[in-house]
Amino acid sequence: MLKKTIFGGCAAIACVIAVSCSGGDNSSMPKTETPKTFADSIAMYTGICDGAELLNNMEKWPDEEKAKFDKEKFLQGVKTILLADTSESFRQGMAIASNYVQMMDMAKAAGVDVNREMFLAYLAQTMNNEKMSDEDLTKYKDAYQSLGSRLNDKISEYQIEQQAKAQVMMGKMYEANVAAGKQYVDSVKAADSAVKTTASGLSYKIIKEGNGKVAKAGETANVIIEGKLIDGTVFMSSNGQVAPFPVDDLFPGMTEALTTFPVGTRVMLYIPQELAYGQQGNQSIQPGQTLVFDVEIVD
């Protein structure tokens, strides 16, 4: 469905991909082997498909994020968890350590780089000593709460600053995408007189006329569909198969199209941002992006 999430967000990988690693020392990684059992086959195909999906997702990252990403360290992190001691006590330690890491990373971003070795030393010392008296515990807790309050203030200030920066960046992205989308649709209309525009601002070109019924509110249209960005990037597709779209559960431009054109119609839709995902965007669509759809209404 074309709600505030994208239909078909994770495409199935239908081929085996051989990945050749370069620029990193993978000698500490387990060696790949030919599967001998059903469980081995699950391991191989899951590893290949998840690895390929991660690579595909990375291609969508901003260049600065891709430049900072270290595949070798990422794989070492995965290996550390997957091949770690399986005892319950060890796993509990790993779980709580993940929480500590998140807290300390957040503090570091806010300018407070917590000494992790010192923290670990005092944690171990306290756990290995006798139970602390209520009086001493109250004293330490009072100090901790005071320090924690100051730290929370710093983190809050940092988060407010980051949010403000993000809003400025998103605003610039939105304005640029709106302008690019308008320019694109204008150029399409100038080049092809068959492209029409409705009162709402939805532009379209009929590829094949239909003469069936028109979907009404509360009904579901079965369509073959592909959605692209104006640069040609495919962000969703039914892969030539018929997919159901409840017309009330879509963004305005798609609802308008499916309740306007009859069954049998194939149409190109040029949907401006205000009739699509607007200023919010979603995981696949940036704020302000114009969307292009090839839609065939089958039933």
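Modeller: Helices here are DSSP runs of H or I with at least four residues, strands are runs of E with at least two, and both are numbered from the N terminus. The model is predicted: local features need pLDDT of at least 70, side-chain atom pairs count only at pLDDT 80 or more, and totals for chains, interfaces and linings use all residues. Residues are numbered from 1 along each chain as its sequence is written, and side-chain values use heavy atoms, with hydrogens and water left out.

Colleague: How far does helix α4 reach from its first C-alpha to its last?

Modeller: The expected span of a helix is 1.5 Å times one less than its number of residues. Helix α4 covers residues 88-109, which is 22 residues. The expected value is 32 Å, and α4 comes close to it, reaching 32 Å.

Colleague: How many bridges join β2 to strand β6?

Modeller: Two strands pair if DSSP finds at least two bridges between them. Strand β2 (residues 203-208) pairs with β1 (residues 196-197) in the antiparallel sense, over two bridges. Strand β6 (residues 266-271) also runs antiparallel to β2, and Lys 208 has Arg 266 as its bridge partner there. The number of bridges joining β2 to β6 is five.

Colleague: In the hairpin of β1 and β2, which residue takes a positive phi?

Modeller: Lys 196 stands opposite Tyr 204 in β2. Five residues lie between the two strands of the hairpin. Among them, the one with a positive phi, near 110°, is Gly 201.

Colleague: How many residues has the largest nonpolar core?

Modeller: A nonpolar core is a set of buried Ala, Val, Leu, Ile, Met, Phe, Trp, Tyr and Cys residues joined through side-chain atoms within 4.5 Å. Buried means under 20% relative accessible area, exposed over 50%, and partly exposed in between, with a 1.4 Å probe and protein chains only. Those with the most contacts inside the largest core include Met 254, Leu 269, Ile 271 and Phe 293. The core's count is 30 residues.

Colleague: Are the rings of Trp 61 and Phe 69 stacked or edge-to-face?

Modeller: Rings of Phe, Tyr and Trp (its six-membered ring) pair if their centres lie within 6.5 Å; planes under 30 degrees apart count as stacked, over 60 as edge-to-face and the rest as tilted. Trp 61 is partly exposed at 32% relative accessibility, as is Phe 69 at 27%. Their centres are 5.2 Å apart and the planes stand at 80°, so the pair is edge-to-face.

Colleague: How many residues apart are Phe 251 and Phe 293?

Modeller: Their pair is tilted, at 6.1 Å centre to centre and 45° between the planes. Phe 251 is buried at 3% relative accessibility, and Phe 293 is buried at 0%. Phe 251 sits in the loop between β5 and α7, Phe 293 in β7, and the separation is 42 residues.

Colleague: How far apart in space are Ala 180 and Asn 115, C-alpha to C-alpha?

Modeller: Ala 180 belongs to helix α6 (residues 134-191) and is partly exposed at 30% relative accessibility. In sequence, Ala 180 and Asn 115 are 65 residues apart. In space, the C-alpha to C-alpha distance is 48 Å.
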